[in-house]
Amino acid sequence: MSLPPGFLDELTSRTSLSQIVGRKVSWDARKSKQSKGDMWAPCPFHQEKTASFHVDDRKGVYYCFGCHAKGNVFTFLQDTENVSFMEAVEILSREAGMQVPKRDPEAQQKADRRTQLAEVMDQAVQHYRLKLKAGAGAAARDYLSGRGLSEEAVTRWEIGFAPNERRNLFTHLTGKGVGADLVIDAGLAVRPDDGGTPYDRFRDRIIFPIRDPRGVAVALAGRAMDPNAYAKYLNSPETELFDKGRCLYNHGPARRAAGKAPLIVAEGYMDVIALVEAGFEATVAPMGTAVTEQQLRLVWQMHDEPVIALDGDEAGFRAAGRLAELSLPLLEAGKSLRFCMMPEGMDPDDLIRAGGSAAMQRRVKESLPLLQLLWRRETEGKSFDGPERRATLDRTLRAAIARVQDPSLRRHYNDEIFHLMRSLSDARRPARRKGFRHGAGWPGQVAGPMAATKTSALVSADARAHEHLKEAVILASLVTHPGIVPRFVADLEQLDTTRPEHEAVRRALLEVEDSGREAVEASCGSQALEKLFRSRHVRIAPAMRPGADEEFVALAVTKEFENLAAKRGARKDIQEAMQDIKGDADESLTYRLSEAAQTLTGSDRAAAEDETEYEVGPNGARMNRKERSELDALIEGLNYEKSRGRT
């Protein structure tokens with residue numbers, strides 16, 4: 001049975017060879033590179049222990065270096081399931097959700113016609129290449145040279161030129177015996193409505209051949225030489241050879257290169273050529289239109305996270321937003337997009353000519369994840385100074401993410417939206433006032449979470465977050481009580497800080513002769529101090545109480561230094577032990593892990609015990625329990641004396 005043209009290509013594009021083969025083999029995790037579609041396993045066709053069976057998922061082929069078995073997804077099913085070719089097609093069609101076409105007696109005739117059309121198209125490509133080298137192509141050659149294309153590049157990309165003549169190509173092809181209907185059906189000529197002599201579709205245009213993944217010329221794209229032409233780019237119409245929604249410019253070469261480099265999706269043909277010539281060989285472009293769902297599936301088949309390179313203008317930004325929306329229902333774990341926005345007013349070709357391949361490489365590395373692109377689209381240039389606006393933003397983003405079909409991925413996206421919205425709310429908080437007035441917002445120290453903070457991020461934060469908090473407690477206490485700074489010079493010199501603002505305050509405390517808030521602020525800047533004192537957990541520390549005893553503060557700072565050192569030491573021991581687990585585990589390793597765990601538990605318990613020395617009063621202030629008990633006893637005594645009439 002013959003199948004309609006393009007059916008097998010579509011079926012192959014929807015099928016992952018590694019998934020089919022993976023049902024029969026166990027992949028070698030050390031040798032395989034799943035992100036690049038480079039998979040290895042023991043061969044399913046002969047007995048072996050080594051992984052000599054190789055699957056190239058991007059090209060859709062396999063080869064065994066032991067028994068030399070090779071083929072594609074169809075031959076693999078035929079050999080492993082003992083089925084015929086059509087049975088293999090039916091199996092894959094069911095899995096891909098495609099309907100196998102019914103028997104078509106004329107299928108062979110259609111296949112033959114496609115071959116004829118492809119031959120006509122190839123003749124047109126060669127004709128236009130010769131015209132570029134002729135006298136009529138002088139202006140086109142100058143234009144290409146001005147765009148930085150060498151003669152070698154023009155030859156490599158098979159670029160041609162269509163003269164500004166009404167029937168140049170049509171006369172040439174029919175003169176060589178090609179039927180007029182074939183020229184028209186290939187999309188190379190147009191028949192007038194009045195039934196007159198057909199005329200060339202492409203006139204006074206630079207010609208770019210478009211080839212399918214197998215290298216067959218299926219269409220042409222023409223760039224107008226006249227800046228006032230009705231269309232800057234003109235593509236072949238859809239034909240039996242060409243479906244523009246399922247075709248990508250430079251598809252075949254990019255598929256071969258995508259396993260070694262990021263796949264870039266550009267907007268136009270010249271962008272693709274400029275990027276490939278600059279070293280970005282894995283680059284494709286749609287057919288002068290927005291990326292379609294079929295094209296998106298094609299690029300995902302080549303690379304799990306393609307980079308969308310768009311022009312740095314409003315139109316490019318809108319196109320990025322539309323593509324992000326299109327991709328949402330198709331996303332799954334391991335399949336996403338990144339967006340590389342060019343500088344304002346530039347496209348990739350402009351950027352490369354201005355800054356070279358290094359400039360483009362930097363842009364690719366700085367490309368935005370899909371969710372960041374959506375966030376930028378919804379927030380850039382907008383104000384969120386009220387809760388209603390922020391609520392609208394939150395609803396808009398979550399409505400978009402609701403279109404993601406993968407439940408796990410959708411949950412992770414919603415978590416990220418939560419953090420982005422929280423950062424937006426944090427940015428709206430007013431700056432702290434200067435001064436030491438108690439209750440005005442200056443931070444302090446807390447060893448463990450109080451009742452009001454048990455649901456805060458601190459409780460669920462990782463070890464680094466706790467270390468960050470302890471650093472803030474130490475530094476804030478020393479800034480607030482400069483008299484004790486000389487006692488901790490050695491500790492400050494050895495303190496490894498986790499944040500830039502902490503490092504700035506640490507250096508200021510060591511460098512300024514007149515320690516104190518004003519001197520420290522003059523050295524490190526007000527922004528560093530503001531960030532240091534921002535945390536509520538720091539603001540409620542005992543060291544921040546008016547008239548706090550310096551000896552008490554010094555003792556608290558000493559304990560914090562000791563606790564921080566213990567935590568970091570234990571964490572380092574655990575990391576080293578976890579590395580050693582890759583080798584042979586023994587009793588000494590178990591001992592090291594248990595000791596480190598006890599150290600962490602002990603430091604947390606000590607912090608909790610320090611916390612129990614205080615309690616919160618009715619006004620929200622923290623009081624020493626002993627002092628509170630003495631005060632309660634004094635008040636009770638006064639009330640007793642009053643009741644006896646002695647006051």
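**Notes on a predicted model**

1. Let me start inside the protein: Gln295 is buried, at a relative accessible area of 1% (buried means under 20% relative accessible area, exposed over 50%, partly exposed in between, with a 1.4 Å probe and protein chains only). Please keep in mind that this is a predicted model, in which local features need pLDDT of at least 70 and side-chain atom pairs count only at pLDDT 80 or more, while totals for chains, interfaces and linings use all residues. Residues are numbered from 1 along each chain as its sequence is written, and side-chain values use heavy atoms, with hydrogens and water left out.

2. Where does Gln295 sit? Gln295 is found in helix 12, residues 293-302 (helices are DSSP runs of H or I with at least four residues, strands are runs of E with at least two, and both are numbered from the N terminus). Leaving aside neighbours within four places in sequence, Gln295 is in contact with Lys244, Gly245, Arg246, Cys247, Leu248, Pro286, Met287 and Ala290 (contact means heavy atoms within 4.5 Å). Gln295 is listed among the buried residues of helix 12 together with Leu296, Leu298, Val299, Trp300 and Met302. The cover over these buried residues includes helix 1 (7-13), helix 10, strand 11, strand 12 and helix 13.

3. Buried residues make up 43% of its 647 residues. Of the contacts in the protein chain with a separation of 6 or more, 64% are between residues 24 or more positions apart.

4. Strand 11 (residues 264-265) and strand 12 run parallel and are joined by 2 bridges, with Val265 opposite Val284 of strand 12.

5. Strand 14 deserves a look of its own. How many of its 7 residues are buried? The count is 5, so to speak a mostly covered strand. Strand 13 and strand 14 pair in the parallel sense over 5 bridges, and Gly312 has Glu344 of strand 14 as its bridge partner.6. Helix 13 (residues 314-327) and helix 15 (residues 370-379) pack at about 125 degrees, with axes 10 Å apart. The two helices are therefore oblique to each other (angles under 35 degrees count as roughly parallel, over 145 as roughly antiparallel, 65 to 115 as roughly perpendicular and the rest as oblique). Helix 13 contributes Phe317, Ala320, Gly321, Ala324, Glu325 and Ser327 to the contact, and helix 15 contributes Leu370, Leu373, Leu374, Arg376 and Arg377. These residues divide into 6 nonpolar, 2 polar and 3 charged (Ala, Val, Leu, Ile, Met, Phe, Trp, Tyr, Cys and Pro count as nonpolar, Asp, Glu, Lys and Arg as charged, and the others, Gly among them, as polar).

6. A second open sheet has 4 strands in the order 5-8-9-10, with antiparallel pairing. Strand 5 (160-162) and strand 10 are at its edges with a single partner strand each, so one side of each has no neighbour in the sheet. On average, neighbouring strands here are turned by 35 degrees against each other, direction ignored. Strand 5 and strand 8 are joined by 3 bridges and run antiparallel; Phe161 stands opposite Ile206 in strand 8. Helix 11 (residues 269-277) packs on the sheet, touching strand 8, strand 9 (217-224) and strand 10, and its direction makes about 70 degrees with that of strand 8.

7. Two backbone angles are worth checking on your screen. Most residues other than glycine have a negative phi. Asp204, which is not a glycine, has a positive phi of about 55 degrees; Asp204 lies in the loop between strand 7 (199-200) and strand 8 (205-211) and is partly exposed at 22% relative accessibility. Asn250 also has a positive phi, near 70 degrees. Asn250 is in the loop between strand 10 (233-235) and helix 10 (251-257), and is buried with a relative accessible area of 10%.

Key: Two strands pair if DSSP finds at least two bridges between them. Axes are lines fitted to C-alpha atoms, for helices over the stretch in contact, and angles run from 0 to 180 degrees between N-to-C directions.
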